[in-house]
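Work through the exercises below with the structure in view, and try each task before reading its solution.

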Amino acid sequence: MLFGRIDHIGVAVEDLDAAIELYRGPFDMPEQHRETVEEQGVEAVLLDVGEGHVELLRPLSEDTPVGKFLQKRGPGLHHVAYQAEDIETTLDSLRESGVALIDDEPRVGIQGKRVAFLHPRSTGGVLTELVEPLR
């Protein structure tokens, strides 16, 4: 298998504290981790759900990818992230299959994990993230 389990679902939000209250309160998802990821221009919060997470994303400014997403589409589903045990091998395989990559090389994401994004034009309109688990 190319992908492992779903690692997380990313949700773009305008008001991070209100979103946290919704997911922690009625949805009963405990907050697991909160971090500002400067490289991606977001403040991110991971909440536990089953074996995966919901990742709430608040842009640090309007000119970041998540900021532009919010301006164009409003709050909501931003991306789906799958685990990839060996992210370089997975990227090579996808590249050879003709999948358009946003990231040719992995970058550092939340919790210091290596991540890479696939272009939505190659993934049925869904921004797709690969996440390599910490070893």
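Rings of Phe, Tyr and Trp count as a pair if their centres lie within 6.5 Å, and such a pair is called stacked if the planes are under 30 degrees apart and edge-to-face if they are over 60 degrees apart. The model used here is a predicted one.

**Exercise 1.** Find how many aromatic pairs the structure holds, and classify the pair of Phe3 and Tyr82.

*Solution.* The structure holds two aromatic pairs. In one of them, the ring centres of Phe3 and Tyr82 are 4.8 Å apart and the planes meet at 10°, so this pair is stacked.

**Exercise 2.** Classify the pair of Tyr23 and Phe27, and decide whether Tyr23 is buried or exposed.

*Solution.* The centres of the Tyr23 and Phe27 rings lie 5.1 Å apart with 90° between the planes, which is an edge-to-face pair. Tyr23 has a relative accessibility of 14% and therefore counts as buried, while Phe27, with a relative accessible area of 42%, is partly exposed.

**Exercise 3.** Describe the largest cavity by its volume and its lining.

*Solution.* The largest cavity holds about 50 Å³ of space. Its lining includes Asp7, Leu46 and Glu129, and strand E1 (6-12) and strand E8 (128-132) are the elements that each give two or more residues to this lining.

Conventions. Residues are numbered from 1 along each chain as its sequence is written. This is a predicted model: local features need pLDDT of at least 70, side-chain atom pairs count only at pLDDT 80 or more; totals for chains, interfaces and linings use all residues. Side-chain values use heavy atoms; hydrogens and water are left out. On a 1 Å grid over the protein atoms alone, a cavity is a set of points where a 1.4 Å probe fits but cannot get out, and a pocket is an open set with protein on both sides within 12 Å along at least five of seven lines; lining residues have an atom within 4 Å of a point. Grid points are joined across faces, edges and corners, and a volume is the space filled by probe spheres set on the points. Helices (H or I, at least four residues) and strands (E, at least two) are DSSP runs, numbered from the N terminus. Rings of Phe, Tyr and Trp (its six-membered ring) pair if their centres lie within 6.5 Å; planes under 30 degrees apart count as stacked, over 60 as edge-to-face and the rest as tilted. Buried means under 20% relative accessible area, exposed over 50%, partly exposed in between (1.4 Å probe, protein chains only).
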